[in-house]
Amino acid sequence: MARHGGGRGWYGKVVGAALGVTVLAVGASVWTAQAESVGAASPGATASATPGSGVRPVDVTIAHASDAGARGVNITIDDGPDPAWTPQVLDLLREYGVKATFCVTGTQAQAHPHLVKDVVAAGHRLCDHTVSHDTAMDRKSEAYQSREILDAERMIIEASGGVRPMYYRAPGGAFTPYSRKLAASHGMRPLGWNVDTKDFERPGADAIVATVERELSNGPTLLFHDAGGDRSQTVEALRRVLPWLRDQGYSFGFPVR
């Protein structure tokens with residue numbers, strides 16, 4: 001859920017290019033199609049709580065740009081997975097051939113590991129959205145921030161069967177210099193957004209679609225939700241937004257790393 005938004009230029013907040021990241025292959029399985037694996041570990045492996053376990057640090061700046069270029073857009077889905085809504089979102093993404101980034105919370109990942117595996121198997125990427133989605137965590141101690149981020153990382157890796165989250169999105173945008181540095185040291189690029197669709201407030205599918213059309217000039221990363229309540233409006237809005245974006249000449253990518 002967004003705590004604050006604010007219009008950002010397409011790349012005005014992005015400092016430099018993302019560091020290259022080398023991914024260790026884990027056989028020929030789908031688990032490495034769009035997400036990093038935990039070294040050469042077999043499914044079910046858990047993450048080390050230290051950055052020196054074969055994970056390469058990434059840029060600490062908050063990413064907004066798309067790896068699909070100037071006409072690329074990033075679909076990001078927050079707060080799940082949820083057994084009612086995540087499968088519907090996955091079906092829509094599959095129907096339109098779109099890959100997305102799912103920012104999952106530790107509690108939801110732990111409760112619904114089969115859905116985390118479904119997300120990865122479909123070629124989408126994972127993002128650490130903390131354990132409990134505390135939008136005030138930027139006002140909490142560094143020890144608290146560390147637990148929220150690293151415990152969620154571990155829970156997501158366990159739920160996914162060994163796949164690391166590639167990004168970290170602070171709940172409500174509550175980043176701190178410490179949290180960004182910690183996440184980056186674990187190979188998770190801090191991830192922002194440019195278009196807050198406000199779908200969490202359930203303003204109606206028409207309003208969600210209109211927000212995308214109106215604010216897309218702010219930048220390529222769009223924020224939607226697949227948990228936290230009735231997301232039927234989000235599903236309907238995505239059903240209309242995804243083909244509209246393609247008709248406008250946009251391609252779908254992932255946030256830069």
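This is a predicted model: local features need pLDDT of at least 70, side-chain atom pairs count only at pLDDT 80 or more; totals for chains, interfaces and linings use all residues.
User: OK, and which residues touch the most other members of the largest nonpolar core?
Analyst: Ile77 is one of them, along with Ile75, Phe102, Leu222, Phe224 and Leu245. That core has 35 residues.

User: Which elements give two or more residues to it?
Analyst: Strand 2 (72–78), strand 3 (101–104) and strand 9 (221–225) do, and so do helix 1, helix 3, helix 4 (142–160), helix 6 (205–215) and helix 7 (232–247). Helix 7 gives the largest share, with six residues.

User: What about a second core, how many residues there?
Analyst: Eleven, in a separate core that includes Met137, Tyr144, Tyr168 and Ala183.

User: Switching to Ser179: buried or exposed?
Analyst: Ser179 has 0% relative accessibility, so it counts as buried. It sits in helix 5 (residues 177–185). Apart from neighbours within four places in sequence, Ser179 contacts Gln145, Ile149 and Tyr168.

User: Last topic, at what angle do helix 1 and helix 3 pack?
Analyst: About 10°, with the axes of helix 1 (residues 86–95) and helix 3 (residues 113–121) 11 Å apart. The two helices are therefore roughly parallel to each other.

User: Which residues make that contact?
Analyst: Thr86, Pro87 and Leu90 from helix 1, and Leu115, Asp118 and Val119 from helix 3. By type, the contact has four nonpolar residues, one polar and one charged.

How values were computed:
Residues are numbered from 1 along each chain as its sequence is written. Side-chain values use heavy atoms; hydrogens and water are left out. Axes are lines fitted to C-alpha atoms, for helices over the stretch in contact, and angles run from 0 to 180 degrees between N-to-C directions. Helices (H or I, at least four residues) and strands (E, at least two) are DSSP runs, numbered from the N terminus. Angles under 35 degrees count as roughly parallel, over 145 as roughly antiparallel, 65 to 115 as roughly perpendicular and the rest as oblique. Contact means heavy atoms within 4.5 Å. Ala, Val, Leu, Ile, Met, Phe, Trp, Tyr, Cys and Pro count as nonpolar, Asp, Glu, Lys and Arg as charged, and the others, Gly among them, as polar. Buried means under 20% relative accessible area, exposed over 50%, partly exposed in between (1.4 Å probe, protein chains only). A nonpolar core is a set of buried Ala, Val, Leu, Ile, Met, Phe, Trp, Tyr and Cys residues joined through side-chain atoms within 4.5 Å.
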